[in-house]
Amino acid sequence: MRMVAGEEEEAPAAEAEGKVMRWSPYERVARMASGNAVVVFSVSGCCMCHVVKRLLLGLGVGPTVYELDQEKGGREMQAVLAHLLSGSPSTSASSASAALPAVFVGGKLLGGVEKVMSCHINGSLVPLLKQAGALWL
């Protein structure tokens, strides 16, 4: 499991022009989610996040984990993830924290703990992980 904290990137076009521009929370989530075969957005101390991370580790996957309570702009990214998971235009702070964990496989949103467990139980999780290059066996 690769734990990543405090990554902050500048927009490439801004670097070329010598300007400092930051990625929007949505752009940061998209870039972070597509950076590895399996990415888990989590909050340290969240029991459901722990369950998903342990399941993936137990299957032999080493996910990249972003602990959003330790990331700059983590709350904004949580709101983006809550929106992506719920599909509704507005999210409150409580629904944003309830949205985690958010699991991306092959750069695509798989879902939260319910979806990950459902895929594991019905046998579709391992093939998804193999297809994404997270498992070789």
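1. Basis. Numbering starts from 1 along each chain as its sequence is written, and side-chain values use heavy atoms, with hydrogens and water left out. Because the model is predicted, local features need pLDDT of at least 70 and side-chain atom pairs count only at pLDDT 80 or more, while totals for chains, interfaces and linings use all residues.

2. Confidence. The protein chain has a mean pLDDT of 85, with 77% of its residues at 70 or more; pLDDT is the predictor's confidence in each residue, from 0 to 100. Over residues 90-96 the value stays under 50. For that stretch the model has 8 contacts beyond four places in sequence (contact: heavy atoms within 4.5 Å). Where pLDDT is low, the predicted coordinates should not be read in detail.

3. Helix α6. Helices and strands here are DSSP runs (H or I, at least four residues, for helices; E, at least two, for strands), numbered from the N terminus. In α6, residues 113-122, the buried residues are Val113, Val116 and Cys119. Viewed down the axis of α6, these fall within an arc of 135 degrees, so they line one face of the helix; the arc is that of the directions from the helix axis to the C-beta atoms. Buried means under 20% relative accessible area, exposed over 50%, and partly exposed in between, with a 1.4 Å probe and protein chains only. Glu114, Ile121 and Asn122 are the exposed residues on the face of α6 turned away from its buried side.

4. Surroundings of α6. Its buried residues pack against two helices, α3 (47-58) and α7 (125-131), and against the strands β4 (102-105) and β5 (108-111). Gly123 follows α6 and has a positive phi, near 85 degrees.

5. Cysteines. The structure holds 0 disulfides, a disulfide being a pair of cysteine sulfur atoms within 2.5 Å. Cys46 is in none; its nearest cysteine sulfur belongs to Cys49 and is 3.1 Å away. For Cys47, the closest cysteine sulfur is in Cys46 at 5.5 Å, too far for a bond. Cys47 is exposed, at 52% relative accessible area.

6. Salt bridges. There are 2 in the whole structure, counted where a side-chain nitrogen of Lys or Arg is within 4 Å of a carboxyl oxygen of Asp or Glu. One joins Glu71 to Arg28, with the closest N and O atoms 3.2 Å apart. Glu71 is in the loop between β3 (64-67) and α4 (74-86) and Arg28 is in helix α2 (residues 25-33), so the pair ties together parts 43 residues apart in sequence. Both Glu71 and Arg28 are buried. The salt bridge of Glu67 with Lys53 has an N to O distance of 2.8 Å. It links strand β3, which holds Glu67, to helix α3, which holds Lys53, 14 residues apart. Glu67 and Lys53 are buried.

7. Aromatic pairs. The count is 2. Rings of Phe, Tyr and Trp (its six-membered ring) pair if their centres lie within 6.5 Å; planes under 30 degrees apart count as stacked, over 60 as edge-to-face and the rest as tilted. Phe41 and Tyr66 are stacked, 5.5 Å centre to centre with 20 degrees between the planes. Phe41 is in strand β2 (residues 38-42) and Tyr66 in strand β3, so this pair ties together parts 25 residues apart in sequence. Phe41 is buried at 0% relative accessible area, and Tyr66 is buried at 3%. The rings of Phe41 and Phe104 have centres 5.6 Å apart and planes at 75 degrees, so that pair is edge-to-face. Phe104 is in strand β4, 63 residues from Phe41. Phe41, Tyr66 and Phe104 form one aromatic cluster.
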